[in-house]
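Work through the exercises below with the sequence and the model at hand. Try each task before reading its solution.

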Amino acid sequence: MGTIIGFIVFFAVVSTAFNDAFNEEATVVEQPAESGTDEETTAEEEPAAAEEGTRENPYPLGTTITSDEWEVTINSVTFAANDAVAAENEFNEPPAEGSEYILVNATVTYVGADTEGSMPVFVQIEYVTPTGETVNSYDSLVVPPDQLDSTSTLYNGGTASGNLVFAVPSATAQDGVIAVAPGVMVDTVFYAVK
């Protein structure tokens, strides 16, 4: 009988250790344990701080992120940029009622090893509203001042800097985040807009 109980305890300990080592979500406790002291239960009920770079805890402006091929920095965000966009090109139309243009200034550097180089078009930069909708720069057919050139090939160490323009709801423009995927098939990270 002691051997059976020992085997069950051993199996439970090994399973727990395996889950802790290979399952990142195992450290987040959503339900309090059924047994244990009040002190342990209180500690488990406290929510863990969101990981940096998530929508809940975005990186600050000026932070540089790096993937295998790209290094990206969101330098600044300019709100209420309607006049600057209008002045850049006479054919730029004003944003829809209730919206405003914002300018997102980014620096993109190719750090990959492909001798043929690559284009920054493979770096995705989007605005995400506080309610979770994505706004792309190509949603508005306008030319921003000092536009980021995303179609010229960059070679290792080559850098492009400039602005992208987004038409976002004016009421919540400063409450969104900037989503950045530094390349193809890489995780998206988030930046604060101010």
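The exercises go from the whole chain to its sheets, then to one residue and a pocket.

This is a predicted model, in which local features need pLDDT of at least 70, side-chain atom pairs count only at pLDDT 80 or more, and totals for chains, interfaces and linings use all residues. Residues are numbered from 1 along each chain as its sequence is written, and side-chain values use heavy atoms, with hydrogens and water left out.

**Exercise 1. Describe the secondary structure and the burial of the chain.**

Step 1. The chain has 3 helices and 8 strands; helices (H or I, at least four residues) and strands (E, at least two) are DSSP runs, numbered from the N terminus.

Step 2. Read from the N terminus, the order of elements is α-α-β-β-α-β-β-β-β-β-β.

Step 3. Of the 194 residues in the chain, 35% are buried, where buried means under 20% relative accessible area (1.4 Å probe, protein chains only).

Step 4. Among contacts (heavy atoms within 4.5 Å) with a separation of 6 or more, 69% are between residues 24 or more positions apart.

**Exercise 2. Work out the strand order of the open sheet that contains β1, and find its edge strands.**

Step 1. Two strands pair if DSSP finds at least two bridges between them. β1 and β2 (residues 70–78) pair antiparallel over 3 bridges, with T66 opposite E71 in β2. A hairpin of 3 residues joins these two strands.

Step 2. β2 runs antiparallel to β3, joined by 8 bridges, and T73 stands opposite T107 in β3.

Step 3. β3 (residues 99–110) pairs with β6 in the antiparallel sense over 11 bridges; Y101 has A167 of β6 as its bridge partner.

Step 4. The order of this open sheet of 4 strands is therefore β1-β2-β3-β6, with antiparallel pairing. Its edge strands are β1 (64–66) and β6, each pairing on one side only.

**Exercise 3. Why is one side of β5 and of β8 left without a neighbour in the sheet?**

Step 1. A second open sheet of 4 strands has the order β5-β4-β7-β8, with antiparallel pairing.

Step 2. β5 (134–135) and β8 (189–192) are at the edges and have a single partner strand each, so one side of each lacks a neighbour in the sheet.

Step 3. Inside this order, β4 and β7 (residues 177–182) pair antiparallel over 6 bridges, and Q124 has A181 of β7 as its bridge partner.

**Exercise 4. Characterise the lining of the largest pocket.**

Step 1. A pocket is an open set of points on a 1 Å grid over the protein atoms alone, where a 1.4 Å probe fits, with protein on both sides within 12 Å along at least five of seven lines; lining residues have an atom within 4 Å of a point.

Step 2. The volume of the largest pocket is about 380 Å³, taken as the space filled by probe spheres set on the points, which are joined across faces, edges and corners.

Step 3. Its lining has 18 residues, and I125, S137, Y138, S150 and L164 lie nearest the centre.

Step 4. β4 (123–128) and β6 each supply at least two lining residues; β4 gives the most, with 4 residues.

Step 5. By class, the lining has 11 nonpolar, 6 polar and 1 charged residues. Ala, Val, Leu, Ile, Met, Phe, Trp, Tyr, Cys and Pro count as nonpolar, Asp, Glu, Lys and Arg as charged, and the others, Gly among them, as polar.

Note on methods: Buried < 20%, exposed > 50% of the residue type's maximum accessible area, 1.4 Å probe, protein only.
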